[in-house]
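Please read them with the sequence and the structure at hand.

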Amino acid sequence: MSAIAVRPATEADVPAIAAIYQPAVLTGTASFELDPPDHAEMLRRFKALADVGFPYLIAEADRAIMGYAYAGPYRARPAYRFSVENSIYIAPHAHRRGVGRILLAALIDVCTQRGYRQMIAVIGDSANSGSIGLHRAMGFRFSGTMHSVGYKHGRWLDSVIMQLPLGPGDTEAPK
């Protein structure tokens with residue numbers, strides 16, 4: 001595999017993004033969706049974030065999209081405006097190749113540059129050791145577990161919350 005390059009996603013990337021997300025929905029537990037969104041819905045979601053300036057990144061190698069990551073609002077109320085929630089999805093053929101680490105590092109950098117102060121990871125399934133390990137390796141701290149908040153594939157699923165201060169974090173007021 002050639003070097004992995006990270007770049008901002010474009011509307012033209014949405015079919016590849018949807019193709020990566022579909023198996024995560026159908027067979028995985030990282031997403032609590034039960035049915036994969038169609039192209040129109042994935043485009044709507046992409047534009048909802050990109051049009052207001054949230055980072056949406058693509059990792060590619062050999063002209064193939066290996067994964068994507070984005071940050072969006074952690075919560076809608078204004079006091080949360082300096083906190084973002086991250087999401088990362090990797091194509092099945094690209095698992096365990098460092099794509100997630102490269103994407104998450106780039107996303108952390110972009111969010112820090114844009115003045116966000118906290119990044120929150122809401123990880124579906126407490127058995128998702130890959131995502132939990134990645135976030136821990138990137139400096140995220142465990143903040144808690146919400147037990148049995150989702151039901152998918154015939155079993156109850158937890159959500160694991162992890163958090164990373166960005167830039168000065170909470171040591172000074174935002175500008």
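1. A salt bridge is taken here as a side-chain nitrogen of Lys or Arg within 4 Å of a carboxyl oxygen of Asp or Glu. By that criterion R45 and E33 form a salt bridge, with their closest N and O atoms 2.7 Å apart. R45 belongs to helix α2 (residues 39–50) and E33 to the loop between α1 (14–27) and α2, so this pair ties together parts that are twelve residues apart in sequence. The model is a predicted one.

2. E41, at 23%, is partly exposed, and R45 is partly exposed at 28%.

3. Which residue meets R7 in a salt bridge? The partner is E60, with an N to O distance of 2.8 Å. This pair links distant parts of the chain, since R7 sits in strand β1 (residues 5–8) and E60 in strand β2 (residues 56–61), 53 residues apart. R7 is partly exposed, with 24% relative accessibility; E60 is partly exposed as well, with a relative accessible area of 22%.

4. The pairs described above should be read against the total: a search of the whole structure finds eight salt bridges. The protein carries 18 positive and 15 negative side chains, and the centres of these two sets lie 5 Å apart.

5. Turning to the fold, the protein contains four helices and seven strands. Their order along the sequence is β-α-α-β-β-β-α-β-α-β-β. The radius of gyration is 16 Å, close to the 16 Å given by the globule rule for 175 residues, so the protein is as compact as a globular protein of that length. Its C-alpha trace spans about 40 × 35 × 30 Å along the principal axes.

6. Two further values concern packing. Of the 175 residues, 43% are buried. Among contacts with a separation of 6 or more, 66% are between residues 24 or more positions apart.

7. Lastly, the surface. The protein exposes about 9,300 Å², of which carbon and sulfur atoms supply 53%.

Terms used: Residues numbered from 1 in each chain as written. Predicted model: local features only at pLDDT ≥ 70, side-chain atom pairs only at ≥ 80, totals over all residues. Heavy atoms only, no water. Helix = DSSP H or I, 4+ residues; strand = E, 2+ residues; numbered from the N terminus. Buried < 20%, exposed > 50% of the residue type's maximum accessible area, 1.4 Å probe, protein only. Rg over C-alpha atoms; globule rule 2.2 N^0.38 Å. Contact = heavy atoms within 4.5 Å. Areas by Shrake-Rupley, 256 points an atom, 1.4 Å probe, with all protein chains shown as cover. Lys, Arg positive; Asp, Glu negative; His and termini not counted. Charge placed at Lys NZ, Arg CZ, Asp CG, Glu CD.
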